[in-house]
Amino acid sequence: MDSIFIFKAVILLSPLLFFLPVRLKSYGGIALQITLAIITTSWALTSWQTSQPLLLDLGIPFWGGTPLLIIDRLSAFFILIINIVSLTGALYGAGYLKPYQSSKSTVALSLHAWAFLALHASMLHVVMLREGFAFLMAWEVMSMSSFLLVIFDGEDEENLKTGIKYLIQMHAGFTFLLLGFLWVSQVTGHFGFDGLAPYFATHTNWIIFLVLFAGFGIKAGFIPMHTWLPHAHPAAPSSVSGVMSGVMIKMGIYGILRVLMDIQSDFLTIGLIVLFFSLVTSIGGILLASMQRDLKKLLAYSSIENIGIIGVGMGIAILGHHFGNPMLTALALAGSLLHILNHSLYKSMLFFTAGNVYYSTHTRDMNKLGGLMKAMPVSGGLFLVGAMSISAIPPFNGFISEFLMYSGVLQGLGTSDFVMSMIFLAVILTLVVVGSLSIYSFTKAFGITFLGSSRSVLHAQEVPLIMRIPSMISVLGILLLALFSPWSVSRIADIGILFNHINVQPTLIAQTLPSFGNISAINAILICVAVAVFLARRLAQQVNPDYGPTWGCGYSAGDARHQYTATSYSHYIRELSGPAVATSQSYTPIKENEIFPTPRSFSTETKDLVEEEIVMKPVQNVLQRMAGIGWAQTGKIGHYLIYPLCFLLIIALLTRFGIL
């Protein structure tokens, strides 16, 4: 049977999810998603093997003609990521949402299952469509379906507000994309990606790039366009958060990469633009992540940081082309692409394991957690693997992609002028600081949540197997990428051929493969040693085990209140950050003459200065000004009939005097 026919049939059959019994809705959605994944993965592999774009006619009449599905190696790469993360997210959701079957209406559960499938299908269309109208429709379906998933707990007013803010910002990004495509079509006659190359050939490149970068950057979460992300991820169910962070925000990166394929001038300006926003995003994201007490909010800000790291690789690659350094370009671009794949695996797993914590304890507040490693050893171990991976600690995959980018930057230090050498040096220092803060943040996340003694949660238990299997699948991918890095690096480097006007030479990567072979060998040794130590410890514990309270460092008179909390753990980082982060404290100090102090409480709150000053303050000013014209809302129908007449009169006068 024709694969196109089956592909369309799956989408057309998706409304049947509304008619399935409640207990079967998740599994029905998984079955449809597996079908989509099998078909699109076969297309992706065919395109990759032939090294030629695969053209597929959907056979659906559309505005401007019948849209084609075009799958090249970049599309194939993202198709594989979309399918892996979406399927693990769907499988995790089947277990995570089970308790909601008794509290949520059938319509709400049906809408959630359908929206999850729609998100998967729309992301696939986003990376396969080039024609502007069809692409923007897929982009809009992606935004609307994810909005429905974010407001799954819409009974909570705060969650509903978060969803509306998310939707508003997604439409702001849509407006920039529409403006960019319209701008290009006015000159070239092509509405969509196909118009970019002829436009860039005859016009200044950086202006239209900046417009499109703003549209795609909002979806990706670049600072200062990130303000939806730290709120939407915690509000959504963890199965959705894993997919949104693991792959949906990468659709913004995909769009930027697709635009970069066609730029033909202004490489220095565009490279510096991308690099500037990326450095600000990486350092700002991880700085805010280190100060969070909400586990999922910490992971959300960490996603912003990793988007910045991906952007750093793209910016360095463009600058490498400008300075005529193909090795720098190849290494940086390969590192950026590999980091997209790496982040999709370990960040989705971290959100799933954070969901395990919430499922078992009903809280995301790390100040209320602690000691969960004893009650949830599998979830704790999976979280630890994800934490080490995202911190770029061997023997896991996060180290490979960041090593590629470090290698690229070091290549640029000695081959450019003094100013650019200083920029590359600043990039290295920033990556070092970001890496250090990442280790700090995830030491805090794992230590405060899983180690020590329980603070207030006393009856946690391990989650069902179906909620652990998706994370185990991610761990398998993490280990394969770490142990077979020469193969993965060389395959991903081949995508660079698609960048028509940037001098990417994937063959240069072959010179570095022996180094990656050595790294993979060392990773294998480290993994074997760790497994041997673990097994030896388990064997030793089986002989006369002696259990006791958590070691109190020689002081056993205290209790869980004497442990570090998430707030106190980040105290020194908060002090060092100074004016870069807004922190408010609520505490009444003890007076000198207060011999018997009354009970007190202490709390701190860290605010996102960019969100407060750049986004919320102007919005509040606009709302206040709009309130000032409330006098026009008289409630009398006669007045409302006069308003359009006055408007028409003004238009007529402006036309009469040649102003319009």
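User: What should I know about the model before I start?

Analyst: The model is predicted: local features need pLDDT of at least 70, side-chain atom pairs count only at pLDDT 80 or more, and totals for chains, interfaces and linings use all residues. Residues are numbered from 1 along each chain as its sequence is written, and side-chain values use heavy atoms, with hydrogens and water left out.

User: How many cavities of 30 Å³ or more does the structure hold?

Analyst: Rolling a probe the size of a water molecule over the atoms shows where empty space is left. On a 1 Å grid over the protein atoms alone, a cavity is a set of points where a 1.4 Å probe fits but cannot get out; a pocket is an open set with protein on both sides within 12 Å along at least five of seven lines; lining residues have an atom within 4 Å of a point. Grid points are joined across faces, edges and corners, and a volume is the space filled by probe spheres set on the points. Here there are four cavities of 30 Å³ or more.

User: Which residues are closest to the centre of the largest cavity?

Analyst: The largest cavity holds about 220 Å³ of space. It has 18 lining residues, and K25, S26, L97, H112 and A113 are the closest to its centre. Helices (H or I, at least four residues) and strands (E, at least two) are DSSP runs, numbered from the N terminus. In this lining, α2 (22-50), α3 (73-96) and α4 (106-128) each supply at least two residues, and α2 gives the most, with six. For classes, Ala, Val, Leu, Ile, Met, Phe, Trp, Tyr, Cys and Pro count as nonpolar, Asp, Glu, Lys and Arg as charged, and the others, Gly among them, as polar. The lining of the largest cavity has nine nonpolar, eight polar and one charged.

User: What lines the second largest cavity?

Analyst: Its volume is about 60 Å³, and its lining includes L257, L260, M314 and F499. Two or more residues come from each of α11 (250-260), α13 and α14 (326-361). By class, nine are nonpolar, one is polar and none is charged.

User: Is α11 mostly buried or exposed?

Analyst: Buried means under 20% relative accessible area, exposed over 50%, partly exposed in between (1.4 Å probe, protein chains only). In α11, 11 of its 11 residues are buried, among them K250 and R258.

User: What is the volume of the second largest pocket?

Analyst: About 780 Å³ of space lies in the second largest pocket. Of its 29 lining residues, H231, Q292, K297, E605 and T606 are the closest to the centre. By class, the lining has six nonpolar, eight polar and 15 charged residues.

User: At what angle do α20 and α21 cross?

Analyst: Two packed helices are described by the angle between their axes and the distance between the axes. Axes are lines fitted to C-alpha atoms, for helices over the stretch in contact, and angles run from 0 to 180 degrees between N-to-C directions. The axes of α20 (residues 485-493) and α21 (residues 513-541) cross at roughly 140 degrees and come within 8 Å. Contact (heavy atoms within 4.5 Å) involves residues including V489 of α20 and F516 of α21.

User: How many disulfides are there?

Analyst: A disulfide is a covalent bond between the sulfur atoms of two cysteines. With the rule of a pair of cysteine sulfur atoms within 2.5 Å, the count is zero. C528 is exposed, at 53% relative accessible area, and C646 is partly exposed, at 38%.
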